[in-house]
Amino acid sequence: RAQDKPEFKINGFDTTETPNTFEEITTYNNFYEFGTDKGDPAKYASALTTDPWSVEIDGLVERPGSYGLGDILSKMDIDERIYRFRCVEAWSMVIPWNGFELRQLLQLAGIQSKAKYVRFETLYRPEEMRGQQRPLLDWPYVEGLRLDEAMHPLTLMATGLYGKELPNQNGAPLRLVVPWKYGFKSIKSVVKITLTDKQPVNTWKAINHREYGFYSNVNPEVSHPRWTQSSERRIGGGVFAKRIETVKFNGYEEQVADLYKGMDLTVQY
Amino acid sequence: MAFVDVLNNAVRRIPAWPLYIVAVIPPVAMFYWAITGQLGVDPVKNLEHEMGQLGLQVLILTLAITPLRKYAGVNLIKFRRALGVIGFAYIFLHLLVWLVLDVQILSQIIKDILKRPYITIGMAGFVMMLPLAVTSNNWSIRKLGSKWRVLHKLFYPAILLGAVHFVMLVKGWQIEPLVYLAIVTILLALRVKWSARLRMARV
């Protein structure tokens, strides 16, 4: 595992763009478990208890079971990763995450050879997550990745930002970050990880498959029925900020394009 | 009924023109907050949404004036034109924010209008209100005669499109825009029943 780090630095996964401020990152969130307004998570997420926390890892793994968060963290290398973050709603940020590579966690549980996909689930606790008291989405929130996507060194399980503990509104205590995909793929407050041989049905795709695919790679060439995907607004630029062009795979094409060789990304969006 | 009479008497003494002055305050305040960083970290979206929502609220008030008189006896008809014009102005500002501060790029604006149903619908509602705003003056009413009333029935589909636009733009089925749509639908339905009853009366 120690060998992964230099490889990461050489590939230069960190963006050199200026990160958004801590305030911007923690007051402008989509986390419908706490409400649909961008400010709701910051207002209401303090009700969430994140300690104790454990992650159930099951399905096609060698060592299924409930993994305590403290236990997990003691075995992981925590890195800082400055990633671009692009929401499907056409806004974006630059976020200095702290976290470990998801593949480390999957290896901890041991991946069976039949496993092809990873399914993630968010906590369901309506008494602390007020948004879940209404049937806006089919709770709990579910996301999924193909195994090779999950094993990619860019794919992070974030535990903090700006060197601080991850705030609840950003998906504490443990969230996925897949920087080349639209933000909704980066599921928050994860309590369950299942390795499977079938493609998981992610929440938004189940609601509207025309708007949200399983892959949901950032792609300016694939039009979305409601938001233009060819450009984006970088949060923090103020009222007169110019829109910036959206880049394929959110700028991580060099690192991840190989995963999708031979696929028609306009069909498998 | 006493309260309604008091209200109607009070209204009689208030002119409509101060509404135009008061109406300037919210957009100016919001724009000031936006440029001074008091409108959150995404001031453009906030400005856009607030202007759109405020416009819809004022237009709903406009739509409520006739039923209010019919069913509650409250006569606010003298404010209707001002409200309609102000509501339109807010929607126009909402559109301007979207054009100039949000999307910015002309080719994308055109694509958005043609290809994204919620924008097409919102745009259609706006375009329908254009002739109404232009003819909201005494001269046009005199000039158009009975045609004026027919023309201004365009407001009904226009506000309905506005409410549908709001429902379509949010993710999932959120309650707030559905409440707006329900109010608009009820206010429109009250009118449908009416004209049916009138027709029956004539027969």
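Predicted model: local features only at pLDDT ≥ 70, side-chain atom pairs only at ≥ 80, totals over all residues.
**View 1. Confidence across the model.** The model scores ipTM 0.82 and pTM 0.88. Chain A averages a pLDDT of 93, with 96% of the residues at 70 or above. Take some care with residues 1–11 of chain A, where pLDDT stays under 50. For that stretch the model has 15 contacts (heavy atoms within 4.5 Å) beyond four places in sequence.

View 2. An unreviewed UniProt entry places the feature "transmembrane region" at residues 17–34, 54–71, 83–101, 113–134, 154–172 and 178–194 of chain B. UniProt positions are given in the numbering used here, feature names are shortened, and annotations may be inferred rather than shown by experiment. Residues 54–71 of chain B are 100% helix and 0% strand, with the end C-alpha atoms 25 Å apart. Residues 113–134 of chain B are 95% helix and 0% strand, and there the end C-alpha atoms are 23 Å apart. Helices (H or I, at least four residues) and strands (E, at least two) are DSSP runs, numbered from the N terminus.

**View 3. Helix 4 against helix 6 in chain B.** Two packed helices are described by the angle between their axes and the distance between the axes. Axes are lines fitted to C-alpha atoms, for helices over the stretch in contact, and angles run from 0 to 180 degrees between N-to-C directions. Helix 4 (residues 80–103) of chain B packs on helix 6 (residues 117–134) of chain B at about 135 degrees, with their axes 11 Å apart. That angle makes helix 4 of chain B oblique to helix 6 of chain B; angles under 35 degrees count as roughly parallel, over 145 as roughly antiparallel, 65 to 115 as roughly perpendicular and the rest as oblique. Helix 4 of chain B passes helix 6 of chain B in a left-handed crossing, meaning that the near helix is turned anticlockwise from the far one by less than a right angle (right-handed if clockwise). Among the residues making the contact are Phe88(B), Phe92(B) and Trp98(B) of helix 4 of chain B and Met123(B), Phe126(B) and Met129(B) of helix 6 of chain B. By class, this contact has 11 nonpolar, no polar and no charged residues. Ala, Val, Leu, Ile, Met, Phe, Trp, Tyr, Cys and Pro count as nonpolar, Asp, Glu, Lys and Arg as charged, and the others, Gly among them, as polar.

**View 4. Helix 3 and its partners in chain B.** Helix 3 (residues 43–72) of chain B packs on helix 9 (residues 155–169) of chain B at an angle of about 145 degrees, their axes 11 Å apart. The crossing of helix 3 of chain B past helix 9 of chain B is left-handed. The contact includes His49(B), Gln53(B) and Thr62(B) of helix 3 of chain B, as well as Tyr156(B), Gly162(B) and Phe166(B) of helix 9 of chain B. It has 10 nonpolar, 4 polar and no charged residues. Turning to helix 4 of chain B, its axis and that of helix 3 of chain B come within 8 Å and cross at roughly 160 degrees.

**View 5. Backbone details in chain A.** A cis peptide bond joins Asp51(A) and Pro52(A), with omega about 5 degrees. Pro52(A) lies in the loop between helix 3 (40–44) and strand 1 (54–59) of chain A.

Conventions
Residues numbered from 1 in each chain as written. Chains lettered and ligands numbered in written order. Heavy atoms only, no water. pLDDT = per-residue confidence, 0-100.
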